[in-house]
Amino acid sequence: MISISILGTGNVAKHLRDAFLTHKEIVVNQVIGRNLDALAYFRDKTNIAPNFESIVDSDIYIIAVSDDSISTVSKFLKNKKGLVVHTSGSVPLNVLSANFRTGVFYPLQTFTKGQQVDFVEVPICLEAKAEEDGQLLYTLASLISNRVYFVDSEQREKLHLGAVFVNNFSNHMFHIADEICVKNDLSFDILKPLIFETVKKIETLSPYEAQTGPARRKDIGTMQKHIDLLTEENHKEIYRLLSRSIQQTYGKKL
């Protein structure tokens, strides 16, 4: 049995708590947070506390707060004997005090309020200062996910950068496409099969091999028509920048 205390009440905390509750080998002792409205979400199945001075003893303390708050929140655990971990992709392990048993428990996924996530397929990236603590984190992660990896702080920072490109930036492209559709009385749903097929292709092809489109073909005429159709200068700049990057990537192959 592994006992857990979660410090934080945001989307990561909510999804982790819900995933932990599905396994009898895990006990969520407590969720702590100062946002009373957010804390109310946890009340039905978990003990809660509105301040960080009321933390109970647990095997693992998971700090699931904003990156800038991790160090501050960790100070409330200075007298605890359990393993202290944070959930950030971009914050190094050493932001936690050297006096702690410390680690990282980073679920690499996008978490949105109200959207369920199948944790079995969520990659969980682990790091620990001590080998035995790494094994404890591996045991915990393996209970909720089939994709568990040991990744050090430097690697995790690069992985988080890659995640920004594939998730945050690509979603912004979806937003721009949605705006184009709305302005022209078109349904964004028409583009969804293309989005799904694009993602499906990279299950068997590398992104390099899967690239298509006018920039890949050096179809200058079509590219210029697209730029002329765009009404916002910022969107024109994005189109030019991405097209130039694609052309530079495949320049020697064409």
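Tutor: Let's start with a term: contact means heavy atoms within 4.5 Å. This is a predicted model, where local features need pLDDT of at least 70, side-chain atom pairs count only at pLDDT 80 or more, and totals for chains, interfaces and linings use all residues. Residues are numbered from 1 along each chain as its sequence is written, and side-chain values use heavy atoms, with hydrogens and water left out.

Student: Which residues is Gln30 in contact with, leaving aside neighbours within four places in sequence?

Tutor: Ile4, Ser5, Ile6, Thr46, Asn47, Ala49, Ser54, Ile55 and Val56.

Student: Why is Gln30 called buried?

Tutor: Buried means under 20% relative accessible area, exposed over 50%, partly exposed in between (1.4 Å probe, protein chains only). Gln30 has 5%, so it's buried.

Student: And what makes Phe169 partly exposed?

Tutor: Its relative accessibility is 43%, which falls between those cut-offs, so partly exposed it is.

Student: What makes a set of residues a nonpolar core?

Tutor: The members are buried Ala, Val, Leu, Ile, Met, Phe, Trp, Tyr and Cys residues, joined through side-chain atoms within 4.5 Å. The largest one here has 28 residues, and Ile4, Phe20, Ile60, Phe105, Phe119, Leu140 and Ile144 have the most contacts inside it. Apart from it lies another core, of 14 residues, including Ile32 and Tyr61.

Student: What does Phe105 touch, not counting residues up to four places away in sequence?

Tutor: Among others, Leu16, Phe20, Val85, Leu140 and Ile144.
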